[in-house]
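I opened this entry to keep track of what I looked up. My plan was to go from the whole chain down to single residues.

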Amino acid sequence: MASMLRFNGRVVLVTGAGGGLGRAYALAFAERGASVVVNDLGGDFTGVGKGSLAADKVVEEIRRKGGKAVANYDSVEEGEKIVKAALDAFGKIDIVINNAGILRDRSFSRISDEDWDIIQRVHLRGSFLVTRAAWDHMKKQNFGRIIMTSSASGIYGNFGQGNYCAAKLGLLGLSNCLAVEGKKNNIHCNTIAPTAGSRMTQTVLPEDLLDALKPDYVAPLVLWLCHESCEENGGLFEVGAGWIGKLRWERSLGALVRQRTQPMTPEAVKANWTKICDFDNATKPQSIQESIGSIVEALNKINSGGGVSANPASRATSAATSGFAGAIGHKFLPFYSSYAELDTIMYALGVGASIKEPKDMKFIYEGSSDFSCLPTFGVIFAQKSIMSGGLAEIPGLSIDLAKSLHGEQYLELYKPIPRAGKLRSETIVTDILDKGSGLVILVDVYTYSGEELICYNQFSIFVVGSGGFGGKRTSDKAKAAVAVPNRPPDAVLTDITSLNQAALYRLSGDWNPLHIDPNFASLAGFDKPILHGLCTFGFSARHVLQHFADNDVSRFKAIKVRFAKPVYPGQTLQTEMWKEGNRIHFQTKVQGTGDIVISNAYVDLVPASAISAKTPSEGAELQSTFVFEEIGRRLQDIGQEVVKKVGAVFEWHITKGENTAAKWTIDLKTGSGKVYQGPAKGSADVTITISDEDFMEVVLGKLDPQKAFFSGRLKARGNILLSQKLQMILKDYAKL
């Protein structure tokens with residue numbers, strides 16, 4: 001036999017506990033060890049009158065049986081006083097049963113303002129005031145159980161009870177909200193719609209039925225919902241005569257009555273009315289996220305010219321039986337994107353690159369001699385490809401964006417990402433897995449520059465609640481996550497995220513309001529907007545690249561992560577790293593809480609020796625090489641004269657195909673001047689970056705240096721004004 005549910009040490013407040021249901025609740029809680037506050041105004045069922053007798057009799061009954069109880073005679077409109085009575089008597093408040101109620105039954109046309117207002121004040125406002133008074137106490141102790149009392153009249157409607165029906169359904173809405181807000185503090189709120197004999201129901205139920213509907217047949221449900229071991233939250237239950245049933249919303253599949261290029265009309269609504277009201281294949285939404293997600297899905301279909309898909313459960317089942325034949329292998333339309341240096345810099349700042357770290361300058365200043373794009377920028381094009389609407393178009397499968405989570409991410413680079421360019425991404429559904437509580441969609445994205453493959457991404461998208469269709473749990477196509485070694489990390493780096501981190505990162509293209517809008521974040525169950533998972537991903541990858549590859553992007557080969565928990569902007573990220581050969585295992589935590597936010601992750605690096613082997617001899621096959629050599633020869637004759645006029649050291653970075661191909665130094669500051677290959681021996685006054693082709697255009701007088709600078713074709717840092725003296729080097733003296 002199951003152990004008895006006890007409430008020892010719990011303090012329970014029951015409003016309207018002088019008789020009927022309230023009395024049954026108070027007696028049952030006290031019998032099982034709870035300390036009970038018996039609240040009752042003492043009036044009649046219409047709210048008229050006041051007295052202490054009703055509450056005192058219940059308290060006396062509890063004490064006579066050895067229980068603990070105190071009486072309170074305040075109206076529920078004085079919620080603070082009622083809760084204070086519990087605190088004064090027992091020192092805390094754990095459970096609130098909002099049971100007090102009255103009736104003022106009238107047909108709609110005969111309801112007076114007074115009849116309307118008093119019903120709202122007692123039922124809806126009274127429950128609000130009592131619960132609000134207890135709320136902060138429950139939050140501080142990280143425990144609370146709340147019961148709202150609705151009614152079948154509120155759920156279904158009943159003649160002559162318009163005021164009562166409105167208040168009772170209003171209580172359900174309040175309860176649903178509290179269930180969402182209280183969840184993180186272990187505060188559960190549920191609603192019951194009881195049918196039982198009482199002073200109120202004797203006006204609407206026949207006498208013989210009243211005798212069979214004892215309040216004692218409702219109390220057990222209330223006690224279970226309020227027990228610390230009960231996880232039910234946000235539920236609605238009808239109960240009476242020993243029967244209990246849970247209610248839920250059901251929604252028809254509906255119909256799209258608008259097309260992208262045509263107006264929406266009443267005639268279109270009429271034409272689709274049967275379909276709108278058809279509950280075959282109905283869905284059963286359980287949250288506002290599911291509701292919004294369906295609207296977003298419909299909008300995507302309107303924009304793409306598609307139609308409404310069947311509900312997830314029926315689709316998953318049918319898709320499983322056919323092996324997802326239409327979904328697996330489905331290709332999205334090619335996605336074209338372009339980006340400039342500004343975009344790569346914005347991304348770098350979004351994942352924490354900073355001028356505080358000198359080695360980060362190569363990612364955030366386009367004038368840096370070795371300006372580079374962070375490797376993880378490769379996820380940006382791929383994510384845009386997926387979020388462009390293709391998820392909603394997978395045949396035989398419907399993706400509810402509100403129930404979709406980014407589970408894992410893999411990125412592999414085939415060459416360093418160019419500092420700017422135009423790309424084409426091709427996306428394909430690789431596999432679909434059944435994880436029981438949901439399904440996982442593996443989506444592969446191949447990104448090309450022209451015909452050259454730049455990078456490959458694999459997104460693991462987890463769709464909550466769509467599993468259990470009998471499909472396979474694993475796939476040989478999935479890039480597997482790998483557990484970190486069981487030893488102390490070899491290196492640990494930390495970064496404080498800015499309060500504006502999510503606002504900055506979203507500028508790279510992830511516009512989900514979850515990361516910026518407090519109201520939207522609250523709907524999703526978060527205290528405030530959360531950081532993008534791929535932003536944390538970028539922070540972590542940057543730490544690995546910095547510590548183990550000296551920020552050399554050519555050594556970055558691949559990264560795999562599993563997203564574990566959210567991060568809030570302003571929190572400090574701590575990346576713990578383990579080196580095993582060319583693989584760097586890592587996990588990322590929130591410093592302070594210790595929560596692991598990225599787990600089972602690794603970065604694969606290209607060996608430094610392999611990079612050296614692939615690097616051609618510097619300056620080979622560059623036209624500029626011959627120019628620098630010629631300038632060196634000319635300086636042997638006129639060097640002293642030029643040094644007097646210039647007095648500066650110029651370092652040149654000559655690029656080829658977006659990469660630095662050679663470095664040259666023209667020293668017009670010491671002795672008679674000299675030209676040599678390589679960076680300046682000491683510090684350069686000016687560093688100039690220019691392509692081999694544009695350098696030749698400048699030398700031949702076809703490209704003005706100032707115009708090249710302002711158009712971005714020539715980049716200079718340091719004392720830029722000195723670069724004006726290049727004219728005498730390249731033109732007046734060199735005469736090339």
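**Overall make-up**

I started with the secondary structure: the chain has 23 helices and 23 strands. I note here that the model is a predicted one. Next I checked burial. Of the 736 residues in the chain, 49% are buried. Then I looked at sequence separation. Taking contacts between residues at least 6 apart in sequence, I found that 71% join residues at least 24 apart.

**Nonpolar cores**

I looked up the largest nonpolar core, which holds 51 residues. Which residues touch the most other members? They are Phe377, Ile417, Phe537, Ile559, Val561, Met577 and Phe586. Helix 18, residues 533-549, gives the most to this core, with 9 residues. I also found a second, separate core of 35 residues. Ala34, Val36, Val38 and Cys226 are included in that second core. I keep one general remark beside this: in soluble globular proteins, nonpolar side chains tend to be buried together.

**Helix 4 against helix 6**

I took helix 4 (residues 113-141) and helix 6 (residues 162-182) next. Their axes come within 8 Å and cross at roughly 15 degrees. Angles under 35 degrees count as roughly parallel, and helix 4 is therefore roughly parallel to helix 6. The crossing of helix 4 and helix 6 is right-handed. I listed part of the contact. On helix 4 it includes Asp115, Trp116, Ile119, His123, Leu124 and Trp135. On helix 6 it includes Gly162, Tyr164, Ala167, Leu171, Leu174 and Leu178. By class I have 11 nonpolar, 8 polar and 3 charged residues in the contact of helix 4 with helix 6.

**Helix 20 against helix 21**

I then turned to helix 20 (residues 623-646) and helix 21 (residues 692-699). The two axes come within 8 Å and cross at roughly 45 degrees. Helix 20 and helix 21 are therefore oblique to each other. What is the handedness of this crossing, left-handed or right-handed? The crossing of helix 20 and helix 21 is left-handed. Helix 20 makes the contact through Gln623, Ser624, Val627 and Phe628. Helix 21 brings Asp692, Phe695, Met696 and Val699. I have these contact residues as 5 nonpolar, 2 polar and 1 charged.

**Helix 13 and its cover**

Which residues of helix 13 (residues 341-350) are buried? I have Glu341, Thr344, Ile345, Tyr347, Ala348 and Gly350. I looked for what covers them. The cover includes strand 9 (335-339), helix 14 (361-364), helix 15 (378-387), helix 16 (501-505), helix 18 and strand 23 (714-718). Just after helix 13, Gly352 takes a positive phi of about 95 degrees.

**Gln501**

I followed helix 16 to Gln501, which lies in it. Is Gln501 buried or exposed? Its relative accessibility is 5%, so Gln501 counts as buried. I set aside the neighbours within four places in sequence and looked up the contacts of Gln501. They are Leu349, Gly350, Val351, Gly352, Leu531, Cys535 and Phe539. Gly350 is also one of the buried residues of helix 13, and Gly352 is the residue with the positive phi.

**Gly43**

My last stop was Gly43, in the loop between strand 2 (35-39) and helix 2 (53-64). At 15% relative accessibility, Gly43 counts as buried. I checked Gly43 against Gly16. The two are 27 residues apart in sequence, and their C-alpha atoms are 9.9 Å apart in space.

Methods:
Residues numbered from 1 in each chain as written. Predicted model: local features only at pLDDT ≥ 70, side-chain atom pairs only at ≥ 80, totals over all residues. Heavy atoms only, no water. Axes fitted to C-alpha atoms, helices over the stretch in contact; angles between N-to-C directions. Helix = DSSP H or I, 4+ residues; strand = E, 2+ residues; numbered from the N terminus. Parallel < 35°, antiparallel > 145°, perpendicular 65-115°, else oblique. Left-handed = near helix turned anticlockwise from the far one by under 90°. Contact = heavy atoms within 4.5 Å. Nonpolar A, V, L, I, M, F, W, Y, C, P; charged D, E, K, R; others polar. Core = buried A, V, L, I, M, F, W, Y, C linked by side-chain atoms within 4.5 Å. Buried < 20%, exposed > 50% of the residue type's maximum accessible area, 1.4 Å probe, protein only.
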